Amino acid sequence: MGRRARTFVVSGPSGVGKGTLVSLLRERVSSLGLTVSATTRDPRPGEKDGVAYYFLTDEEFDRHVEAGDFLEWAWVHGHRYGTLRQEVRRLTDAGSSVMLEIDVQGGLMVRERVPDAVLVFVEPPSMEELERRLRGRGTESEAEVERRLANARREMAQAPLYDVRIVNDDLERACSELRQVIDTYENNGGPSQDVCDQARD
């Protein structure tokens, strides 16, 4: 079986380090595409529109929702985030597998719309470590940290719905595991190949 472009979803609670993990993987797997998500939140220092995110007003986001332009979208921490279908199509049409770094709500929505998508959940070594990382960032208020921890507990409860779970206790090892997941699914179909075939029939 030859290599086949796939859609990979990487999710995990805020502060688990999934952004750092995905960035490291992209440096090592140049053929892997990462879509740019759209969001209604304000840019953080250093974030550029069209690079970190497409920063949209509520009105602009509404127009895209009404037009059916999103593969998935969800409310996260009081703001909306979404993946534009055109972003995925741009990459898959070029033969690149796509990696979506999105929240759990969005990941499960992609599973409904792209049955052979591969869902990867990135977990912290423990909730205590996750809290330490969140507080260490120093970018959120105490109330925001507590809200993110509450969301993290809800997301962790949905981890069993994902195809693969990776514990990010060591960045190098986690990156190696994620790369192996991509190779397995692109080249061999992955453990869910039979399920995927049935879903497409």
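Q: What makes a residue buried or exposed?
A: A residue is called buried if its relative accessible area is under 20%, and exposed if that area is over 50%. The model discussed here is a predicted one.

Q: Which residues of helix 5 are buried, and which are exposed on the face turned away from them?
A: Within helix 5, which spans residues 127-137, Glu129, Leu130 and Leu134 are buried. The face turned away from that buried side carries Glu128, Arg132 and Gly136, which are exposed.

Q: How do you know that the buried residues of helix 5 line one face of the helix?
A: When the helix is viewed down its axis, the buried residues of helix 5 fall within an arc of 135°, and therefore they line one face. Helix 6 is among the parts that cover these buried residues.

Q: Why is the aromatic pair of phenylalanine 8 and tyrosine 185 called edge-to-face?
A: A search of the whole structure finds six aromatic pairs, and one of them is formed by phenylalanine 8 and tyrosine 185, with 6.5 Å centre to centre and 85° between the planes. Rings pair if their centres lie within 6.5 Å, and planes over 60 degrees apart count as edge-to-face, so a pair with these values takes that name.

Q: What does this pair tie together?
A: Phenylalanine 8 lies in strand 1 (residues 7-11) and tyrosine 185 in helix 7 (residues 171-188), so the pair ties together parts that are 177 residues apart in sequence.

Q: Why do phenylalanine 8 and tyrosine 185 count as buried?
A: The relative accessible area is 1% for phenylalanine 8 and 4% for tyrosine 185.

Q: What makes the pair of phenylalanine 121 and tyrosine 162 edge-to-face?
A: The ring centres of phenylalanine 121 and tyrosine 162 are 5.5 Å apart and the planes stand at 80°, so the pair is edge-to-face. This pair links distant parts of the chain, with phenylalanine 121 in strand 8 (residues 118-123) and tyrosine 162 in the loop between helix 6 (142-157) and strand 9 (164-167), 41 residues apart. Both residues count as buried, phenylalanine 121 at 0% relative accessibility and tyrosine 162 at 5%.

Q: How do you know that valine 181 is buried, and which residues is it in contact with?
A: Valine 181, a residue of helix 7, has a relative accessible area of 11%, which is under the 20% cut-off, so it is buried. Leaving aside its neighbours within four places in sequence, valine 181 is in contact with Phe8, Val118, Val120 and Val164.

Q: What makes strand 2 and strand 9 edge strands?
A: The five strands of an open sheet come in the order 2-7-1-8-9, with parallel pairing. Strand 2 (33-34) and strand 9 each pair on one side only, and are its edge strands. Further inside this order, strand 1 and strand 7 (residues 98-101) pair in the parallel sense over four bridges, and methionine 99 in strand 7 is the bridge partner of phenylalanine 8.

Q: Why is one side of strand 4 and of strand 5 left without a neighbour in the sheet?
A: Four strands form an open sheet of mixed pairing, in the order 4-3-6-5. Strand 4 (54-55) and strand 5 (70-76) stand at its edges with a single partner strand each, so one side of each has no neighbour in the sheet. The pairing of strand 5 with strand 6 (residues 79-84) is antiparallel, over six bridges.

Q: Why is strand 5 described as largely enclosed?
A: Of the seven residues of strand 5, five are buried, so the strand is largely enclosed by the rest of the structure.

Q: How do you know that arginine 80 lies over the face of tryptophan 73?
A: Arginine 80 is at 5.8 Å from the ring centre of tryptophan 73 and lies over its face. The distance part of the cut-off is within 6 Å of the ring centre. In terms of bridges, the partner of arginine 80 is tryptophan 75, while tryptophan 73 has glycine 82 in strand 6 as its bridge partner.

Methods
Residues are numbered from 1 along each chain as its sequence is written. This is a predicted model: local features need pLDDT of at least 70, side-chain atom pairs count only at pLDDT 80 or more; totals for chains, interfaces and linings use all residues. Side-chain values use heavy atoms; hydrogens and water are left out. Rings of Phe, Tyr and Trp (its six-membered ring) pair if their centres lie within 6.5 Å; planes under 30 degrees apart count as stacked, over 60 as edge-to-face and the rest as tilted. Helices (H or I, at least four residues) and strands (E, at least two) are DSSP runs, numbered from the N terminus. Buried means under 20% relative accessible area, exposed over 50%, partly exposed in between (1.4 Å probe, protein chains only). A charge sits over a ring if NZ of Lys or CZ of Arg is within 6 Å of the ring centre and within 35 degrees of the ring normal. The arc is that of the directions from the helix axis to the C-beta atoms. Contact means heavy atoms within 4.5 Å. Two strands pair if DSSP finds at least two bridges between them.
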